[in-house]
Amino acid sequence: MPVEAIKVENLSFRYNSIEVLSNVSFGVEAGDYIGLVGPNGSGKSTLIKVILGLLEPVRGSIRLLGYPSSDMKAREKVGYLPQKMSFFNPNFPATVSETVALGLVSKKRFPKRMDAADVAAIDRVLELLNISNLKREMIGDLSGGQQQRVFIARALVNEPEILLLDEPTTALDPGTREGFFELISYLNREKKVTVMLVTHDMGTIGQFARKLLYIDKEIIFYGGFDDFCMSEKMTAFFGPASQHLICHRHE
Amino acid sequence: MSIIEFLSYGFIQRAIIAGAFISVLCSTLGVLLVLRRLSLIGDGLAHVTFGSVALALLFRVYPLYISLPVVMASSYGILKLMERARIFGDAAIGILSAVGIAGGVLVASLAGGFNVDLFSFLFGNILSISSQEVYTSIILSVIVLAVIVFNYHDIFSITFDEDFAKAGGINTNRINTMIVLFTAITVVLTMKVVGIMLTSALLIFPAVTAFQVARGFRNALFIAAAVALVSLTGGILLSLILNLPTGASIVMVHFGFFITAFACKNALDRKSRRH
């Protein structure tokens, strides 16, 4: 039986006394593409942060590629792309090359020196994202779309087997957004990278994801689009317009 | 008297040697602190240093022996206040800063009022630095800088994006604790160079000057260190030639570099916009 890329069991999380995730359990097969959706405050970003080890759950367990999520063997195989605006200081004095190199730090052992193989990996990922010409530019001097490509490069340079994306296209224009999702889809299809994407963009979910995980503190729905499109329960949650958008674009 | 003659004096050599190590230390930590919006932690810890010096004078102990543990404990306190009491960094620094000053005033009052020694720590006097203080400064600076160099990638990663670093398995608590404790050591060492009142200048100026012209993080660290070294040496020599207070002269040379870098950057930006 193949090892699941992500295995979450009986996971609960509280912010002080407010329960945000309640007894959440699910598994994600390697190479799958999951759209993680739910209303504001439903626990989507919290779930991603708990999986990443940024937040400590009240109870439950998480395994990534068969390892406990705290294990470095698991951590170094996970790529993470947060909402850009949530952390980025545009005045930070870092070049594109330095920024992308940060994605290699987790797999390094003390004293963490960068070598020729690392430089080659950075060059490869910059080429993949078509931003080799920006290598020596300052990250703060780039446009929003270019910056987001640099952060994707940072998430991919370590050749992750799992990619967790938390509303990655906020503040991107439609053209750049489309290109971004095409790239993620290519990585999932060709490189077999497991993708979990948090987004409010229902059209994107319908177009690219293969499964839908709908949470609102607990799991409301988890499954393929055929089941989802047949589900009357989902019409109540999404409304007929969104349901049509997802199901129509997925066909 | 020529500059060569000035440099032949032992007390000036000691000032430049100790000051050089402390300046590089300040500039390195300053880059990290400014980027993490903790610029004023130096100011806050300097105020705590004031309280701890008062305590040392009360008990007639060499100030470094009291200041070092007290300021290190306070810096750890700021970190924990930020993490656990949901207090923003500036507010946590403000709390410790006020307690430090109030504590110093109370202790000085208990000791029978302020005396000359306590005021001398407010503005420092690098020219009176002893050989023992030079050795202490060199040893502590080398240890701290070595640890920073060996943890460069982790520190860079956390400074840029703490969540990403933590998700990648970097022990962010260890690095954060390390940075605030090193800042505490640096502030205590800086007390002799420019005094408690001007300590934060040595942390902030090299960093903000470097950010005007740097092309990358590593580049910013080197430029900040160079600015710190030149400002220190220039400030000491300027104070000797013009018979001015040394600490204040060092700070004003720093300010001169910052204004020059700022003006150059603006001129270059305007030029590139025109083309």
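These legends walk you through several close-up views of a predicted model. Residues are numbered from 1 along each chain as its sequence is written, and chains are lettered from A, with ligands numbered from 1, in the order in which they are written.

**View 1. Chain B as a whole has 13 helices and zero strands.** Reading from the N terminus, its elements run α-α-α-α-α-α-α-α-α-α-α-α-α; helices (H or I, at least four residues) and strands (E, at least two) are DSSP runs, numbered from the N terminus. The C-alpha trace of chain B spans about 65 × 55 × 30 Å along its principal axes. With 275 residues, a compact globule would have a radius of gyration near 19 Å, and the 19 Å of chain B agrees. That radius is taken over C-alpha atoms, and the globule rule is 2.2 Å times the number of residues to the power 0.38.

**View 2. Here are the surface, contacts and charges of chain B.** The accessible surface of chain B comes to about 12300 Å², and 68% of this belongs to carbon and sulfur atoms; areas come from the Shrake-Rupley method with a 1.4 Å probe, and for residues only the protein chains shown count as cover. Of its 275 residues, 53% count as buried (under 20% relative accessible area; exposed is over 50%, and partly exposed lies in between, with a 1.4 Å probe and protein chains only). Among contacts (heavy atoms within 4.5 Å) in chain B between residues at least 6 apart in sequence, 74% join residues at least 24 apart. The mean positions of the 17 positive and 11 negative charges of chain B are 6 Å apart. Lys and Arg count as positive and Asp and Glu as negative, without His or the chain ends, and each charge is placed at NZ of Lys, CZ of Arg, CG of Asp or CD of Glu.

**View 3. Chain A holds an open sheet of four strands in the order β2-β1-β4-β5, with antiparallel pairing.** Its edge strands, each pairing on one side only, are β2 (18-28) and β5 (67-68) of chain A; two strands pair if DSSP finds at least two bridges between them. Strands β1 (residues 6-15) and β4 (residues 59-64) of chain A run antiparallel and are joined by five bridges. Across this pair, Val8(A) stands opposite Ile62(A), and Glu9(A) has Ser61(A) as its bridge partner.

**View 4. β1(A) and β2(A) form a hairpin with two residues between them.** Seven bridges join these antiparallel strands, with Arg14(A) opposite Glu19(A). In the turn, Asn16(A) has a positive phi of about 55 degrees.

View 5. At 70% relative accessibility, Asn243(B) counts as exposed.

**View 6. Ser69(A) lies in the loop between β5 and α2 (72-75) of chain A.** Is Ser69(A) buried or exposed? Ser69(A) is buried, with a relative accessible area of 13%. Leaving aside neighbours within four places in sequence, Ser69(A) is in contact with Ile51(A), Ile62(A), Arg63(A), Leu64(A), Ala74(A) and Arg75(A).

Key. Predicted model: local features only at pLDDT ≥ 70, side-chain atom pairs only at ≥ 80, totals over all residues. Heavy atoms only, no water.
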